[in-house]
Amino acid sequence: MPPTLASLVHHSALKLTVRAGGDRLDVPVRWAHVSELADPVPYMEGGELLLITALQLDAEDAEVMRRYVKRLVGAGVVGLGFAVGVNYADIPKAVVEAAQHEGLPLLEVPRRTPFLAISKAVSAAIAADQYRAVTAGFAAQRELTRQALSDGPEGLLAALASQVDGWAALYDASGAVVATAPEWAGRRAARLTADVERLRERPAPASAVVGAGGGDDEGERDRVELHSLGTGRRPRAALAVGTAATLGTAERYALHSAIALLTLTTERSRSLQAAEQRIGAAVLRMLLAGEPDHARAVAGGLYGELLDAPYRIVVAESASPPAGATAPEGKTSRPTAGALVAADTNGDPLGGLTECLESAAARAGEAVLVVPEGERLVVLAVDGGAAVGACEEFAAALEGARAEASASSAVPGSASDSGPSGPSGSSASSGYSGPSGDEDELVVGMSGPAGPIAAAAAYKQAEQALSVARRRGRVLVGHEQLAEGSVVPLLADDAVRAFADGLLRPLYAHDATGRGDLVASLRAWLSRHGQWDAAAADLGVHRHTLRYRMRRVEEILGRSLDDPDVRMELWLALKTTAAVGE
């Protein structure tokens with residue numbers, strides 16, 4: 001620790017005597033300064049021991065000394081050393097009383113002790129304290145490094161908490177707590193999630209000092225330092241350190257060492273990441289080629305039991321939204337658990353999805369295989385695992401943002417409604433462009449559960465789901481959802497609508513002349529599966545009239561209603577085209 005007035009008083013070579021303020025000798029001394037000025041305050045920084053002989057002071061004037069001592073205390077001077085036997089044989093009573101009144105420690109300096117000796121003693125003590133701090137810092141660095149190599153981030157956190165006499169917590173990119181030391185600190189660390197989220201918004205490296213208070217326990221009102229971890233544009237993790245007081249020099253060394261080690265742990269080198277991606281791509285190709293044994297041999301233990309367990313394949317693309325796309329029905333609020341990254345993709349939705357999946361998998365201790373392919377991403381994730389759940393939450397967050405954007409753009413007077421690109425302009429039909437105003441959107445297809453020998457089938461399922469998601473203007477569609485609802489929405493395509501319009505146009509033209517109601521008759525007859533009496537009853541006509549109308553339909557279209565393919569095409573055409581003239 002730094003020198004104190006008490007350590008100087010106990011210094012055998014200095015022979016200092018306490019004349020006032022004996023109960024305040026434990027304060028640290030930042031420096032020893034000599035000044036004979038009547039007002040040395042402008043040259044003080046605080047924490048000094050001021051040494052004087054009262055050469056230019058009327059030390060016997062009580063009022064003068066009261067003002068003098070009061071100014072020193074106000075400037076943060078921690079002690080006053082008065083040399084006797086130079087200008088005064090003893091310390092004047094006015095000086096002693098003023099020091100006692102202001103609570104300022106007053107030390108008598110004997111004539112045989114030069115001020116230089118006191119300055120050297122303070123300087124030597126400060127240097128020794130700094131050396132101890134550096135030595136302790138290096139020792140802490142060695143211990144932290146050993147723990148990081150042997151026990152990973154958890155061991156490093158435990159060593160750091162011991163070094164700073166407090167607690168430490170590690171957060172992932174989404175702000176969720178990954179590990180704490182000691183374990184009881186988990187509750188305090190969880191309170192800082194919002195502060196970690198705000199730290200993520202600042203360029204790395206970033207830090208902040210916050211409090212984890214809020215509890216009734218006085219011990220929970222810590223001073224907490226937050227530090228972002230990572231070298232890229234977006235932090236990959238964050239570190240929190242809670243202590244009862246400000247960190248000292250040795251503790252600061254330990255903290256900086258922990259930040260460096262955790263950054264190395266959380267940030268993989270680009271070459272290593274590229275190598276892992278190449279291995280992942282090779283493993284995926286082998287799985288899709290029906291060679292799971294070769295895939296396991298190449299992967300080794302890189303993906304754990306992922307290749308053997310039931311998994312899902314996720315295919316994601318960054319694609320422009322379809323013209324006229326509108327927000328799908330669903331929630332408009334964003335999930336808060338696994339989709340925090342989705343709120344800010346920074347123009348890179350695929351990167352945001354990757355970060356979200358990898359963070360969720362790491363937090364749950366499960367393996368995930370992520371293979372980027374340009375503007376496309378292929379993911380192998382454990383069925384029912386954290387990564388699959390995070391993908392669904394991520395998509396739900398983007399869906400919610402899309403709904404909010406669509407709702408706000410529909411408000412009169414909003415920015416998207418003004419100008420030439422308002423309701424009738426081009427931008428009104430351009431669809432939602434991402435939660436941050438990006439030009440690209442994320443489209444995701446997810447397969448059903450599959451095993452090692454069914455990877456190719458699962459990939460095809462994900463591709464089919466992706467195609468449906470793109471056509472429906474959805475962020476995520478699972479393969480199980482394809483069997484839900486009706487097949488008609490899948491036909492919502494301009495080419496299909498054009499075919500339907502062309503097929504039924506002669507019937508609409510006939511009905512427009514007022515010579516019958518062939519479209520309604522055809523719809524009723526098809527909906528009743530060709531049952532004449534039931535269809536005629538629905539229309540309120542005689543069944544002979546209906547038979548005549550169906551013959552006219554065949555004559556006009558040049559097609560036989562006995563052909564099941566013709567009936568199917570006509571029914572789908574009626575479902576997908578507008579009922580013009582009805």
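## The antiparallel sheet

Within strand S10, Leu 239 is the bridge partner of Leu 170. This pair belongs to a predicted model, in which local features need pLDDT of at least 70 and side-chain atom pairs count only at pLDDT 80 or more, while totals for chains, interfaces and linings use all residues. Residues are numbered from 1 along each chain as its sequence is written, and side-chain values use heavy atoms, with hydrogens and water left out. Strand S6 (residues 167-172) and strand S10 (residues 237-243) run antiparallel and are joined by six bridges. Helices (H or I, at least four residues) and strands (E, at least two) are DSSP runs, numbered from the N terminus; two strands pair if DSSP finds at least two bridges between them.

S6 and S10 are part of an open sheet of five strands, ordered S7-S6-S10-S9-S8, with antiparallel pairing. Strand S7 (177-181) and strand S8 (207-211) are at the edges with a single partner strand each, so one side of each has no neighbour in the sheet. On average, neighbouring strands of this sheet are turned by 20 degrees against each other, direction ignored. Helix H6 (residues 193-200) lies across S6, S8, strand S9 (223-229) and S10, and runs at about 40 degrees to S9. Axes are lines fitted to C-alpha atoms, for helices over the stretch in contact, and angles run from 0 to 180 degrees between N-to-C directions. Contact means heavy atoms within 4.5 Å.

## The mixed sheet

Another open sheet of five strands has mixed pairing and the order S1-S5-S4-S3-S2. Its edge strands, S1 (17-20) and S2 (31-34), each pair on one side only. Neighbouring strands here are turned by 30 degrees against each other on average, direction ignored.

S1 runs antiparallel to strand S5 (residues 106-109), and three bridges join them. Thr 17 has Glu 108 of S5 as its bridge partner. Helix H3 (residues 93-102) lies across S1, strand S4 (79-83) and S5, at about 75 degrees to S1.

Helix H14 (residues 518-527) is mostly covered, with eight of its 10 residues buried. Buried means under 20% relative accessible area, exposed over 50%, and partly exposed in between (1.4 Å probe, protein chains only). Among the buried residues of H14 are Leu 518, Ser 521 and Trp 525. The buried residues pack against helix H13 (494-512), H15, H16 and helix H17 (564-576). Just after H14, His 529 takes a positive phi of about 60 degrees.

Helix H15 (residues 532-539) and helix H16 (residues 543-557) pack with their axes 9 Å apart, at an angle of about 100 degrees. H15 and H16 are therefore roughly perpendicular to each other; angles under 35 degrees count as roughly parallel, over 145 as roughly antiparallel, 65 to 115 as roughly perpendicular and the rest as oblique. On the H15 side the contact includes Trp 532 and Leu 539, and on the H16 side it includes Arg 543 and Met 550. The contact residues divide into six nonpolar, no polar and four charged. Ala, Val, Leu, Ile, Met, Phe, Trp, Tyr, Cys and Pro count as nonpolar, Asp, Glu, Lys and Arg as charged, and the others, Gly among them, as polar.

## Cysteines

The structure holds zero disulfides, a disulfide being a pair of cysteine sulfur atoms within 2.5 Å. For Cys 356, the closest cysteine sulfur is that of Cys 391, 7.9 Å away and too far for a bond. Cys 356 counts as buried at 4% relative accessibility, and Cys 391 counts as buried at 2%.
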